[in-house]
Amino acid sequence: MLPELKRLVDLQELDKVIRGVTQEMEKLPEFMETETARLQDLKAETAVLAQELENLKSQRRAMEGEIADLEESIKKSRQRLMEIKSNIEYRAMLKEIAYKEDQRDKTETRMLETMDLIEAKTKGLVEQDRKVQEQQAFLAQEEEKLKAQMGTLKKRLAGLEKERGGLRKGVPAQLLKRYEFIRERRNGTAIAPVREGVCLGCNMNILPQQFIDLQKGEEILQCPHCQRILYWLDEMEEEAAAN
Ligand SMILES: [Zn+2]
């Protein structure tokens, strides 16, 4: 087997590892994005809860005002009751007072219900704040982890690229160019083994004469169907077995 062909096989193995590491690096921030979005959602929910709480509080204040007004009005009516002479007017005033008292009692009941709601909503908001803080802490922790993972991968990648540079030096420029060209078009696989006359890149038979030439190992051959650079697998396996 031509030594440059052997180096190309090694280069492809290495390129695949590099591609894997690069993809891993690209994928790492995705998790952070999802978790950051979750934090934003939690914060939005907090804002809704806080607004609902504000509304309830202003409702309570309004009812407090209503009750105070009714109390004041009842007090005045009672005072006027003393001055009334006619029975009819007296009864009418009593009725009016009773009506206002009823209104006051109803408003008080509603206000108590609102206060219960305020209490529940306040608890909900505290719980929601806790969730936000938890998520923030989790994010900070994950950010640290991510930095560490990225650092490790970067270091690994730098090592692999150095190794790659060394391997590429051993391959003629023209062949390297052809390798890159095919690699781009064949999803990262530019060089394929041939076993019993079949290109394992595309699983099709190469020409019988090509197979004979391949076994001689004197020239660089490409698959007539997928254009991948070919090497003879049996020979590789024999070499591997010998080592
Ligand atoms: Zn092929």
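A: Start with a term: contact means heavy atoms within 4.5 Å. This is a predicted model, where local features need pLDDT of at least 70, side-chain atom pairs count only at pLDDT 80 or more, and totals for chains, interfaces and linings use all residues. Residues are numbered from 1 along each chain as its sequence is written, and side-chain values use heavy atoms, with hydrogens and water left out.

Q: Which strands do the buried residues of H4 pack against?

A: Helices (H or I, at least four residues) and strands (E, at least two) are DSSP runs, numbered from the N terminus. Buried means under 20% relative accessible area, exposed over 50%, partly exposed in between (1.4 Å probe, protein chains only). H4 spans residues 208–216, with Gln210, Phe211, Asp213 and Leu214 buried. These four lie on the same side of H4, because their arc is only 165 degrees around the axis; the arc is that of the directions from the helix axis to the C-beta atoms. The buried residues pack against strand E1 (191–195) and strand E4 (229–232). Gly217 follows H4, with a positive phi near 70 degrees.

Q: Which residues coordinate the zinc ion?

A: Donors are N, O and S atoms within 2.8 Å of the metal (3.2 Å for Na, K and Ca); water is not among the atoms, so sites may look incomplete. Here the SG atoms of Cys199, Cys202, Cys223 and Cys226 coordinate the zinc ion at 2.2 to 2.4 Å. The sequence spacing of these donor residues is C-x2-C-x20-C-x2-C. Both Cys223 and Cys226 are buried.

Q: What arrangement do the 4 donor atoms make around the zinc ion?

A: Ideal angles are 109.5 degrees for four tetrahedral donors. Four donors count as tetrahedral if all angles lie between 85 and 135 degrees. The 4 donor atoms around the zinc ion subtend 105 to 114 degrees, so the arrangement is tetrahedral.

Conventions:
Tetrahedral: all angles 85-135°; square planar, octahedral: opposite > 155°, others 65-115°.
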